[in-house]
Amino acid sequence: MKGLNKKFGLHVNRPFFIVSKMWMNRVAECVGASNIVLKTLVRTNKGQQFYFDGGTKTIKSNQWKDRSITLSGKNLYMTGTNARWF
Amino acid sequence: MKGQVVEVVGAVDNENRNIGVNDAKGGMHQEWDIIYVDEMPAALKIGEENKDWGFKINSPFYVVSKKSRGYFLDLLGNNMVMKTRNGMKSQQFYFDQKTRTIKSVRTPSYSWNIQSNGKGSNMSVYSTNSNWW
């Protein structure tokens, strides 16, 4: 499965950065395979790269490919992919 | 969490700030670009213009008052004052791409700063921290 998933608006399996529009244009980074925080862009850091997985319909880390973005309360973090929707 | 958006918690643009979700409030802290890695623009080089900020990177400039005497912005200690042009490095500044601050040519480790953590009205230079208020 390749190309744009129109329903989700993301290309399948194509890594991307999540770039803040705040002044420094920092990016989201998955730190230690769990928490997601704001960091200065390092292009080669795969912890800052995410991709849409067409099979599970989740956003995965390009560094830890068995983990997807999820929520704990209002906090964004990564956990083992379970494709659960709240 | 239907109807909620991803945000920088506390709307503070600092390193290691947590990212979470919240009701949409319309601030830049809730706005993001998804940029594919293979489409990420190359890093700007020295002398190139950062169009978002309107400055050429690392290119020294003066700040000249439009009042009739045309005083130059200068540093007295770390405080900003107006002075006659004197050729000193304390009257030269440049935009630093990495920290997105305006630095002093005289003291490159210092950047423009609004005193009292952004709550004051006086301008100075201070050790670069890239804090935005």
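How many bridges join strand 6 of chain B to strand 7 of chain B? I shall return to that after a few words on the model.

Colleagues, this is a predicted model, in which local features need pLDDT of at least 70, side-chain atom pairs count only at pLDDT 80 or more, and totals for chains, interfaces and linings use all residues. Residues are numbered from 1 along each chain as its sequence is written, while chains are lettered from A and ligands numbered from 1 in the order in which they are written.

To the opening question: strand 6 (residues 72–76) and strand 7 (residues 79–83) of chain B run antiparallel and are joined by five bridges. Strands here are DSSP E runs of at least two residues, numbered from the N terminus, and two strands pair if DSSP finds at least two bridges between them. B:Leu75 has B:Met80 as its bridge partner in strand 7. Two residues lie between the strands of this hairpin, where B:Gly77 takes a positive phi near 70°.

Chain B is divided into domain 1 (1–34) and domain 2 (44–133), with bounds from an automatic or database domain assignment. Their C-alpha centres lie 30 Å apart.

I turn now to the two chains. In chain B, 25 residues are in contact with 26 residues of chain A, contact meaning C-beta atoms, placed from the backbone, within 7 Å. Strand 1 (4–8), strand 2 (19–23) and strand 3 (32–36) of chain B each supply at least two residues of the side that touches chain A; strand 3 gives the largest share, five residues.

Strand 3 of chain B also runs antiparallel to strand 3 (residues 16–20) of chain A, joined by five bridges. There, B:Asp33 is the bridge partner of A:Val19.

Note on methods: Two residues are in contact if their C-beta atoms, placed from the backbone, lie within 7 Å. Helices (H or I, at least four residues) and strands (E, at least two) are DSSP runs, numbered from the N terminus.
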